[in-house]
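The report that follows describes one protein model and the ligand placed in it. It begins with the contacts of the ligand and then turns to the fold and to single residues.

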Amino acid sequence: MSPEDCLFCKIASGTIPSEKVYEDDHTFAFLDINPINKGHTLVIPKHHAENIMTIRKDDLAAVMETVRMLAPVIQRAVSADGINIGINNGSAAGQVIFHAHVHVMPRFDGDGHEHWQGKKLTAEEIASTAIAIRKEL
Ligand code: 5GP
Ligand code: ZN
């Protein structure tokens with residue numbers, strides 16, 4: 001997708017408005033339009049990349065530095081009890097906007113959001129998966 005067609009490129013350039021909370025030379029952070037809780041923030045690289053597997057190394061470093069700086073700021077601002085930091089890659093993983101972004105999601109005790117349930121795998125299945133991953137390296 002070209003930057004001209006990308007929603008988050010347009011948000012980063014200001015062509016489409018957003019509730020910006022922070023910006024520097026390489027990153028842009030703004031409030032999610034459909035937050036899981038108040039303060040839910042998206043941190044994006046200004047340079048377009050589809051996801052975290054294709055993002056430039058220096059852009060990823062810049063995005064994560066912004067996440068590191070902003071997470072405690074957001075937590076204080078909304079008096080959250082904790083923060084989830086998440087990245088969805090690919091539609092099977094819930095990615096809807098194909099411009100790399102990190103979700104910074106404030107959490108509150110008893111806010112009702114549940115974590116994923118674990119899948120029961122045998123020790124053999126786990127071991128053979130580790131072999132498959134190491135083979136791909
Ligand atoms: P994904 O599922 O791709 O990881 O997350 C995309 C996020 O972008 C969603 O949480 C969604 O609410 C948010 N979003 C989608 N469109 C807009 C928009 O136009 N403005 C803002 N601020 N957030 C958006
Ligand atoms: Zn983009």
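In this predicted model, a polar side-chain atom of Asp32 lies 2.5 Å from an oxygen atom of ligand 1. This is a polar contact, a term that stands for a pair of N or O atoms within 3.5 Å, where within protein one atom must be able to donate a hydrogen and the other to accept it, and residues adjacent in sequence count only if both atoms are side-chain atoms. Two further contacts with oxygen atoms of the ligand are listed with it in the table.

| Protein atom | Ligand atom | Distance |
|---|---|---|
| Asp32, polar side-chain atom | oxygen of ligand 1 | 2.5 Å |
| Asn88, polar side-chain atom | oxygen of ligand 1 | 2.9 Å |
| Gly94, polar backbone atom | oxygen of ligand 1 | 2.7 Å |

The protein covers 81% of the 520 Å² of accessible area that ligand 1 has on its own, where accessible areas come from the Shrake-Rupley method with a 1.4 Å probe and, for residues, only the protein chains shown count as cover.

Residues are numbered from 1 along each chain as its sequence is written, while chains are lettered from A and ligands numbered from 1 in the order in which they are written. Local features need pLDDT of at least 70 and side-chain atom pairs count only at pLDDT 80 or more, whereas totals for chains, interfaces and linings use all residues, and side-chain values use heavy atoms, with hydrogens and water left out.

The shell around ligand 1 holds 16 residues, of which the closest are Asp32, Gly94, Val96, His101 and His103; a residue belongs to it if one of its heavy atoms lies within 4 Å of the ligand. By class, this shell has nine nonpolar, six polar and one charged residues, where Ala, Val, Leu, Ile, Met, Phe, Trp, Tyr, Cys and Pro count as nonpolar, Asp, Glu, Lys and Arg as charged, and the others, Gly among them, as polar. Helix H1 (7-13) and strand E2 (27-31) each supply at least two residues of the shell, and the largest share, three residues, comes from H1.

Read along the sequence, the protein follows the pattern α-β-β-β-α-β-β-α, with three helices and five strands in total; helices (H or I, at least four residues) and strands (E, at least two) are DSSP runs, numbered from the N terminus. Taken along the principal axes, the C-alpha atoms fill a box of roughly 50 × 40 × 25 Å. Of the 137 residues in the protein, 32% are buried, where buried means under 20% relative accessible area, exposed over 50%, and partly exposed in between (1.4 Å probe, protein chains only).

The loop between helix H2 (57-77) and strand E4 (82-86) contains Ser79, whose phi is near 55°, a positive value in a residue other than glycine. Ser79 is exposed, with a relative accessible area of 56%. Asp81 has its place in the loop between H2 and E4 and, at 45% relative accessibility, counts as partly exposed. The C-alpha atoms of Asp81 and Phe108 are separated by 5.0 Å, although the two residues are 27 residues apart along the chain.

Lys57, in helix H2, is exposed, with a relative accessible area of 78%. Lys57 and Ile97 are 40 residues apart in sequence and, from C-alpha to C-alpha, 20 Å apart in space.
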